Amino acid sequence: MKKQTAFIGFLLFNVFSISFIKSAIAERYICSAELSSHGRPGEVETKTYKREGKFFVKTYENGEDDHSILKETNSFIILTKTYNYPDLFITIIDKKKLNFIESYASIELEYNTEIPTAGKCFISR
């Protein structure tokens, strides 16, 4: 009986330890951009990119979106958001310099981002 109780305790400890470690190392980039280049001087836009398994969840003033990881290295992450129409939202985060840039591309030329949004990030764990 003592061996069974010890084994169950050991299993529970490992499950909670793994859960804690996963949440402790979850990547979260908090990124802000000043919007003068978009005709909104003095206004700052902030968004959070949080790793959720094989994608990132972007949280911003309009809600949340899932972004797929197109490519990732030790230096950068390229994230994409696609839609049910032929448009693409792309974000690049420089892991070393903690810069980011976002742009929107559409088959309808008037919706393309002429000036991308760019700014700085910091990592929150």
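By class, the largest pocket's lining splits into six nonpolar, seven polar and eight charged residues. Here Ala, Val, Leu, Ile, Met, Phe, Trp, Tyr, Cys and Pro count as nonpolar, Asp, Glu, Lys and Arg as charged, and the others, Gly among them, as polar.

This is a predicted model, where local features need pLDDT of at least 70, side-chain atom pairs count only at pLDDT 80 or more, and totals for chains, interfaces and linings use all residues. Numbering runs from 1 along each chain as its sequence is written, and side-chain values use heavy atoms, with hydrogens and water left out.

Back to the pocket. A pocket is an open set of points on a 1 Å grid over the protein atoms alone, where a 1.4 Å probe fits, with protein on both sides within 12 Å along at least five of seven lines; lining residues have an atom within 4 Å of a point. Lining residues number 21, and Glu 45, Lys 47, Phe 89, Glu 102 and Thr 117 lie nearest the centre. Two or more come from each of β2 (44-52), β3 (55-60), β4 (63-72) and β7 (99-106). Strands are DSSP runs of E, at least two residues, numbered from the N terminus.

Next, the disulfide. Cys 31 is joined to Cys 121, S to S 2.1 Å; the rule is a pair of cysteine sulfur atoms within 2.5 Å. Cys 31 sits in β1 (residues 28-34) and Cys 121 in β8 (residues 117-124), so the pair ties together parts 90 residues apart in sequence. The S-S torsion is about 100°, so the disulfide is right-handed. Both Cys 31 and Cys 121 are buried, meaning under 20% relative accessible area (1.4 Å probe, protein chains only).

Definitions and conventions. Helix = DSSP H or I, 4+ residues; strand = E, 2+ residues; numbered from the N terminus. Buried < 20%, exposed > 50% of the residue type's maximum accessible area, 1.4 Å probe, protein only.
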